[in-house]
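Here is a short briefing on the charged side-chain pairs of a protein model. Have a look at the structure first, and then we can go through the pairs together.

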Amino acid sequence: MKRSSKTISAVLALALLATSCGVVSFTGRRQILLFSDSEISALSDASYSEFMSSASVSTDVSATRMLKEVGSRMVAALESYMRSHGETSALSGLNWEFQLVRSSEVNAFCMPSGKIVFYEGILKYADTPDYIAVVMGHEMAHAIAKHGNERMSQQSVMNLVGSVASEVIGYKKGADAQVLFNLGFGLGSQVGVLLPYSRKHEYEADQIGMYIMDIAGYDVNAAPAFWEKMISGKTAGKNDFFSTHPSDAKRIAALKEAIKTKPNL
């Protein structure tokens, strides 16, 4: 009987996975998405609000204006492109917002609902609209590619596989989703600080971010140049950005190759 329960559990888990497939925009990679866009948005916005309640908004008017101008231009171009290609489903659950906060940390992050935060410290490297577009595009790409949902779903699959049939049948996301979100994004002990995405997600975000830059009319060659600048900054001293956004020579090489093979969007 115990073996039968495990077999049923496995079958149900496989059935759930088979009906929960998504396709990443721009790259076409298939992924598992077990959570709805509304669930992801609600969890993201709650965590974003908690983060902003204790963060200090930057008083640098010029930098804030440039950040929001770049973000707005990229969002407008992306949304226009997605509509013209019949891929508006990728925009579901996204409510873009751009904030610059007071901090010397070299960092930036995007919540899965499209809330993007830059720390003032990163503007030492992202000191032109093109360089801001590199970081902005990369962060937007994580949201467009639904990497957050995928990361939570992968953790959920690990929890589901091996559970008894009754647990699978009675699976409810509610409180479990909050736990998965906190685990997947490092929230709770470090509110608003996302844990590193997988190397696969990082490379994909680099590529998609470069495509978004191109659609918005920014210089895609700024992408590898920016990461080279960041690596130089890393060797010169502590660079907090690398705690959540790993970068190396292979990443730069991959970007340069993606630029060479970039389709006409």
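Lys115 and Asp45 form a salt bridge (a side-chain nitrogen of Lys or Arg within 4 Å of a carboxyl oxygen of Asp or Glu), with their closest N and O atoms 3.1 Å apart. Lys115 sits in strand β5 (residues 115–119) and Asp45 in helix α2 (residues 37–54), so this pair ties together parts that are 70 residues apart in sequence. Helices (H or I, at least four residues) and strands (E, at least two) are DSSP runs, numbered from the N terminus. Please keep in mind that this is a predicted model, where local features need pLDDT of at least 70 and side-chain atom pairs count only at pLDDT 80 or more, while totals for chains, interfaces and linings use all residues. Residues are numbered from 1 along each chain as its sequence is written, and side-chain values use heavy atoms, with hydrogens and water left out.

**Burial of the Lys115 pair**
- Lys115 counts as buried because its relative accessibility is 5%; buried means under 20% relative accessible area, exposed over 50%, and partly exposed in between (1.4 Å probe, protein chains only).
- Asp45, with a relative accessible area of 27%, is partly exposed.

**Glu150 and Arg29**
- A salt bridge joins Glu150 to Arg29, and their closest N and O atoms are 2.8 Å apart.
- This pair links distant parts of the chain, 121 residues apart: Glu150 belongs to helix α5 (residues 147–160), and Arg29 to the loop between β1 (21–23) and β2 (30–32).
- Glu150 is buried, at 3% relative accessibility, and Arg29 also counts as buried, at 18%.
- Glu204 joins in as well: Arg29, Glu150 and Glu204 are linked in a network of salt bridges.

**Lys262 and Asp214**
- Here the side chains of Lys262 and Asp214 meet in a salt bridge at 2.9 Å, N to O.
- Lys262 is in the segment after α10 (249–260) and Asp214 in helix α8 (residues 199–215), a link between distant parts of the chain, 48 residues apart.
- Lys262 is partly exposed at 21% relative accessibility, and Asp214 is partly exposed with a relative accessible area of 25%.

**Whole structure and confidence**
- Searching the whole structure turns up nine salt bridges.
- The mean pLDDT (the predictor's confidence in each residue, from 0 to 100) of the protein is 82, and 73% of its residues reach 70 or more.
- Residues 164–172 have pLDDT below 50, and this stretch has 16 contacts (heavy atoms within 4.5 Å) in the model beyond near neighbours in sequence.
- Residues 187–194 also have pLDDT below 50, with 20 contacts beyond near neighbours in sequence.
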